[in-house]
Amino acid sequence: MKNKVEYYRKELNERQEELASIVGVSRQTIISIEKGKYNPSILLAFKIANHFKKSIEEIFIYEEEK
């Protein structure tokens, strides 16, 4: 799943460690999410969206597999 986590994080001038601490995960989890290697749980997606004051759909882009 594609996402804009890195874009919004950088827009706020936050480090990966800061975002990880705010949403309660490790920095490695944030790295994996940003690289598209890990899809967050719905709870984590809500926490990230809440932090950025965005909807989940604005951050996480679902594309059907072909």
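Trainee: Which side chain of opposite charge is nearest to Glu-14, and how far away is it?

Mentor: The model is predicted, so local features need pLDDT of at least 70 and side-chain atom pairs count only at pLDDT 80 or more, while totals for chains, interfaces and linings use all residues. Residues are numbered from 1 along each chain as its sequence is written, and side-chain values use heavy atoms, with hydrogens and water left out. The nearest side chain of opposite charge to Glu-14 is Arg-9, 6.5 Å away. Lys and Arg count as positive, Asp and Glu as negative, and His and the chain ends are not counted. A salt bridge needs a side-chain nitrogen of Lys or Arg within 4 Å of a carboxyl oxygen of Asp or Glu, so Glu-14 has no salt bridge.

Trainee: What polar contact does the side chain of Glu-14 make?

Mentor: The side chain of Glu-14 pairs with the side chain of His-51 at 2.7 Å. A polar contact is a pair of N or O atoms within 3.5 Å; within protein, one must be able to donate a hydrogen and the other to accept it, and residues adjacent in sequence count only if both atoms are side-chain atoms. The side chains of Thr-29 and Ser-26 also make a polar contact, at 3.0 Å.

Trainee: Where does Glu-14 lie?

Mentor: Glu-14 is in the loop between helix H1 (5-11) and helix H2 (16-23). Helices (H or I, at least four residues) and strands (E, at least two) are DSSP runs, numbered from the N terminus. Asn-13 has its place in that loop between H1 and H2 too, and has a positive phi of about 60 degrees although it is not a glycine.

Trainee: Why is Asn-13 called exposed?

Mentor: Asn-13 has 72% relative accessibility, so it counts as exposed. Ile-22, at 49%, counts as partly exposed.

Trainee: What makes Arg-9 and Glu-34 a salt bridge?

Mentor: Their side chains meet at 2.6 Å, N to O, and the limit is 4 Å. The pair links distant parts of the chain, with Arg-9 in helix H1 and Glu-34 in helix H3, 25 residues apart. Arg-9 and Glu-34 are both buried.

Trainee: How do you know that Lys-2 and Glu-63 tie together separate parts of the sequence?

Mentor: The side chains of Lys-2 and Glu-63 form a salt bridge at 3.8 Å, N to O. Lys-2 lies in strand E1 (residues 2-3) and Glu-63 in the segment after strand E2 (60-61), so the pair joins parts that are 61 residues apart in sequence. Lys-2 is exposed at 52%, whereas Glu-63 is partly exposed at 48%. The whole structure has six salt bridges.

Trainee: Why are H2 and H3 called roughly perpendicular?

Mentor: H2 and helix H3 (residues 27-34) pack at about 105 degrees, with axes 8 Å apart. Axes are lines fitted to C-alpha atoms, for helices over the stretch in contact, and angles run from 0 to 180 degrees between N-to-C directions. Angles under 35 degrees count as roughly parallel, over 145 as roughly antiparallel, 65 to 115 as roughly perpendicular and the rest as oblique. H2 and H3 are therefore roughly perpendicular.

Note on methods:
Buried means under 20% relative accessible area, exposed over 50%, partly exposed in between (1.4 Å probe, protein chains only).
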